[in-house]
Amino acid sequence: DAQRRLTGARVLTVGVCGISAEVLKNIVLAGVGAAHVLDPTPAAPAHLAANFLLPADAMGQPVRRGVG
């Protein structure tokens with residue numbers, strides 16, 4: 001029952017730093033149905049080191065993505 005509820009869950013992470021990216025990864029790996037990121041901060045090269053969710057071509061764009 002718990003896994004079924006988790007699969008139907010949706011998660012919104014507001015603000016993405018190194019720790020929240022790691023937490024979001026763990027939530028997705030646990031099987032959450034959908035995960036979304038909301039962060040209007042433009043991606044900078046320094047963000048790549050702390051946030052593995054960012055692709056290299058995201059520089060200058062708001063840090064927001066949908067996963068799952």
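Of the 68 residues in the protein chain, 22% are buried, where buried means under 20% relative accessible area, exposed means over 50% and partly exposed lies in between, with a 1.4 Å probe and protein chains only. The model is a predicted one, so local features need pLDDT of at least 70 and side-chain atom pairs count only at pLDDT 80 or more, while totals for chains, interfaces and linings use all residues. Residues are numbered from 1 along each chain as its sequence is written, and side-chain values use heavy atoms, with hydrogens and water left out.

Now for the overall layout. The protein chain has three helices and three strands, which are DSSP runs numbered from the N terminus (H or I and at least four residues for helices, E and at least two for strands). Read from the N terminus, the elements go α-β-α-β-α-β. The C-alpha trace spans about 40 × 15 × 15 Å along its principal axes. If we take contacts (heavy atoms within 4.5 Å) between residues at least 6 apart in sequence, 53% of them join residues at least 24 apart.

Next comes the inside. In soluble globular proteins, nonpolar side chains tend to be buried together. Here the largest nonpolar core has ten residues: Val16, Ala21, Leu24, Val32, Ala35, Val37, Ala43, Leu54, Ala58 and Val63. The elements giving two or more residues to this core are α2 (18–30) and β2 (34–38). A nonpolar core is a set of buried Ala, Val, Leu, Ile, Met, Phe, Trp, Tyr and Cys residues joined through side-chain atoms within 4.5 Å.

Leu12, Val14 and Leu38 make a nonpolar surface patch of about 290 Å². Patches are made of residues with over 30% relative accessible area and no salt bridge, with like charges joined within 9 Å and nonpolar side chains (Val, Leu, Ile, Met, Phe, Trp, Tyr) within 5 Å. Val14 sits in strand β1 (residues 10–14) and counts as exposed because its relative accessibility is 61%.

On to charged pairs. There are three salt bridges, each being a side-chain nitrogen of Lys or Arg within 4 Å of a carboxyl oxygen of Asp or Glu. Arg4 and Asp1, both exposed, meet at 2.4 Å, N to O. Asp1 also pairs with Arg5, with the closest N and O atoms 3.6 Å apart. Lys25 pairs with Glu22 at 2.8 Å between the closest N and O atoms; these two are three residues apart in helix α2, so about one helical turn separates them. Shared partners join Asp1, Arg4 and Arg5 into one salt-bridge network.

Last, the loop between β2 and α3 (45–50) holds Asp39, which counts as buried because its relative accessibility is 8%. The Asp39 side chain makes a polar contact with the Thr41 side chain at 2.7 Å; such a contact is a pair of N or O atoms within 3.5 Å, and within protein one must be able to donate a hydrogen and the other to accept it, while residues adjacent in sequence count only if both atoms are side-chain atoms. Pro40 lies in that loop too, yet Pro40 counts as exposed at 65% relative accessibility. Pro40 and Pro62 are 22 residues apart in sequence and 4.8 Å apart in space, C-alpha to C-alpha.

Definitions and conventions:
Accessible areas come from the Shrake-Rupley method with a 1.4 Å probe; for residues, only the protein chains shown count as cover.
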